[in-house]
Amino acid sequence: MHKVNGLNALLKTCSLALIMFGACTAHAGVLENVKSHGSLRCGVASDKPGFSIIDNQGRWTGMDADLCRGIAAAVLGDANKVEFIATTGKNRFTALASGEIDVLSRSTSWTADRVASLGVDFTAIWFYDGQGFMTHAEDKIGKLTDLAGATFCLSPGTTSEQNLADYFGKRGLTFRTVVIEKSPELFAAFQKGRCNAITNDMSGLAARRALFNTPDDYPLLPEVISKEPLGAYVAQGDAVWRNIVTWTAYALITAEELGVDSDNVDKLHADKTASADVARLLGTDGNIGKAFSLDSDWAYRAIKQVGNYAQIYDRNLGPQTGLNFPREMNRLWKDGGLLYAPPIR
Amino acid sequence: MLTQRFNRARLLSALQQGLVLLLVVLVFYGLAHNASLNLKALNIASGFGFLTDRAGYDISFQLIDYAPSDSYGRAYLVGLLNTLLVSVISIVLATLVGVLLGVGRVSENWLVNRLCGMSIEFLRNVPLVVHLIWWYGLMLALPSVRQAFSLADVFFLSNAGLQVPWPQQGAAVGWGLVLIGVGALPAIVAFKLRDARARWRGFTPRRWPWVMACALVLPMLVYVISGTALHWDVPTRQGFGFHGGATLVPELLALWLALSFYSASYIAETVRAAIQAVHRGQYEAAKALGFVRGTAMRQLIAPQALYAMVPQITNTYMNIVKNSSLGVVVGFMELVSSTGGTTLNQTGQAIECIVLVMATYCVICLVISLVMNVYNYRISKRGH
């Protein structure tokens, strides 16, 4: 146990309830904790299809869940060594700051205010999203301003409450809200007609809509009123751990860019003639893994066990999932999307 | 002499109490200080400065003017008033229903007795959250705004809530006060006059018809005669909902009904127990003196039972206030969903928001406790 940076190290893993009593035990960094614990504690949303939800085999699936699996594979060598912990929009940051979870992978938007005042750090953008709207077909809403005076269903503790107020306030339009915490109840209230529209991140709306019996009765509006870069957060003050989470995400994106996937990764890993980019990614050239306090095979294991970004996307949001969420912004930069991983070298 | 008045024992006792108080204050100060140091070290913002920041979220039901451009402090006030509103109307309805059920429970009429008993058992053996979800489900099952039930095109009931006419802005408060004054003052005078007359003539006073006549009929007369002075804002269908009038949102209605009926069962049991706690000899004495059952209940049993029920009912009232925080389940923006929910989320200042909410509930409950204790003290002095 190091005693470097005494107070800081001591406080880093303090429980928020313990913050008041100061009875915190000293801890080493998160990486050592994860290793000694033998599993990664990953905070996810409990009910977001395509991102993190328990499937009918009792297994957590989704983009956010798979990011945690990738991190576990890189750090612990086994993608299954993840302990998923369901968090709510309200308790997610507290859980992270108090050390109850090691990483928060819960479709959480990256905002200045959160990193400035919540004691958390953002890692890498894992999914580009924006706030959208779903309406009732019978209301024949063509554009957002048609909803002046309407009632909106939304969930509390998200940026969507503010975005909506900003959008309507700027245009001098009135609106009403019904704020319900649990997603199933929220969407039920919308479907029963309590609200004229429901607003959330586009991905969240599309995912829920896919579960409706008659999705065509609930059209999505074309407008997207906000930027919601989603990704994993870690607690502030542990640069080693932040780097590991950030670069695991980038490694999976880079793998897609370089054409490395879970099927050919073994061959490329053994191939001494692979291109320099691929060799650096898979640790056969250079020593990036060690510099991250891991071993040189960190990215190889993550790609091998969970696949590259495209594979993860297809598995969770692709056409055969029923969600069929178009990649659009979430294509690679060279394909016209926004996914742009910094070079791994 | 000073030394005599503050003798040794009293001085020691005062010293001890002072020390304990000092210790408690120090502990709390230490906790607060420690928390603020730790928060600073964790790089988390602290302090109550955020209360003046722009809230930027909407609250669907509000008693005072509020817009998203108002501050978090104002949002707190809106949430507090919503909590108080739903608590007060729930306490009123729960007391009415509870007393009826409780008296019915000790009725000699077999059917009434069993019906009340069954209702009580059903209501209190179902968790409050289930009550709440059931009522809210019922509200949502009402027809949409377009097919709203309407009463004389003035009242509308739909899954957007109950629309009622409302006195026009500005006039409402003034007129309300005038009408209450017109009713209340003569009512008090009538009460006192009947009391005095009864005492002088030596019979049991029958005051309520007179008081009711003054309190209800007089204001109505004044209202009818003054005619057009008070304009009603009548709701009309417009766009997605209604324009004008006031809206009782389904979230409020569901919370109100759930809280009232759930708590009524507890009040009913308290009332039953208190009535049964009055000694049997009292009933027999009343019977022997020729009182009919109703009069005996009102004049003899109820006043004695009241003394026994006040502490229990105080508890129930405080529970109503605290249980109103379940509004968060159906999306009624009371204290816990506004300050303890959205504000907490947007500012991330969990400790401050939770402390604020805790302190507020604590104060409300202490006030209820104080008022009920004073009431209990007064009725316990009466007639002894």
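Arg176 of chain A lies in strand β10 (residues 176-179) of that chain. Strands here are DSSP runs of E with at least two residues, helices are runs of H or I with at least four, and both are numbered from the N terminus. This is a predicted model: local features need pLDDT of at least 70, side-chain atom pairs count only at pLDDT 80 or more, and totals for chains, interfaces and linings use all residues. Residues are numbered from 1 along each chain as its sequence is written, chains are lettered from A and ligands numbered from 1 in the order in which they are written, and side-chain values use heavy atoms, with hydrogens and water left out.

**Arg176(A) and its surroundings**

- Arg176(A) has a relative accessible area of 36%, so it counts as partly exposed. Buried means under 20%, exposed means over 50%, and partly exposed lies in between (1.4 Å probe, protein chains only).
- Which residues does Arg176(A) contact, leaving aside its neighbours within four places in sequence? In chain A they are Ala150(A), Thr151(A) and Phe152(A). In chain B they are Asp58(B) and Phe242(B). Contact means heavy atoms within 4.5 Å.
- Asn196(A) is 20 residues from Arg176(A) along the chain. The C-alpha atoms of the two are separated by 9.8 Å.

**Chain A as a whole**

- Chain A has 15 helices and 12 strands.
- Its C-alpha trace spans about 60 × 55 × 40 Å along the principal axes.
- The radius of gyration of chain A is 21 Å. A compact globule of 345 residues would have a value near 20 Å, so the two agree. The radius is taken over C-alpha atoms, and the globule rule is 2.2 Å times the number of residues to the power 0.38.
- Of the 345 residues in chain A, 58% are buried.
- Take the contacts in chain A with a separation of 6 or more: residues 24 or more positions apart account for 71% of them.
- The accessible surface of chain A is about 13900 Å². Carbon and sulfur atoms hold 51% of that surface. Areas come from the Shrake-Rupley method with a 1.4 Å probe; for residues, only the protein chains shown count as cover.
- Chain A carries 35 positive and 38 negative side chains. The centres of the two sets lie 3 Å apart. Lys and Arg count as positive, Asp and Glu as negative, while His and the chain ends are not counted. Each charge is placed at NZ of Lys, CZ of Arg, CG of Asp or CD of Glu.

**A sheet in chain A**

- Three strands of chain A form an open sheet in the order β2-β3-β4, with antiparallel pairing.
- β2 (47-48) and β4 (60-61) of chain A stand at the edges. Each has a single partner strand, so one side of each is left without a neighbour in the sheet.
- β2(A) pairs with β3 (residues 52-54) of chain A over 2 bridges. Two strands pair if DSSP finds at least two bridges between them.
- Lys48(A) stands opposite Ser52(A) in β3(A).

**Positive phi in chain A**

- Most residues other than glycine have a negative phi.
- Ser107(A) has a positive phi of about 45 degrees, although it is not a glycine. Ser107(A) is found in strand β6 (residues 103-109) of chain A. Is Ser107(A) buried or exposed? At 11% relative accessibility, Ser107(A) counts as buried.
- Asn324(A) also has a positive phi, near 45 degrees. Asn324(A) lies in the segment after α15 (309-317) of chain A. With a relative accessible area of 47%, Asn324(A) is partly exposed.

**Chain B**

- Chain B has 13 helices and 8 strands.
- The C-alpha trace of chain B spans about 80 × 80 × 45 Å along its principal axes.
- Of the 384 residues in chain B, 40% are buried.
- The accessible surface of chain B is about 21900 Å², and 68% of it belongs to carbon and sulfur atoms.
- Chain B has 27 positive and 14 negative side chains. The centres of these two sets lie 18 Å apart.
- Strands β2 (residues 155-158) and β3 (residues 161-164) of chain B pair in the antiparallel sense over 3 bridges. A hairpin joins them through 2 residues. Leu157(B) has Leu162(B) in β3(B) as its bridge partner.
- β3(B) is also joined by 3 bridges to β8 (residues 246-248) of chain B, and the two run antiparallel. There, Gln163(B) has Thr247(B) in β8(B) as its bridge partner.
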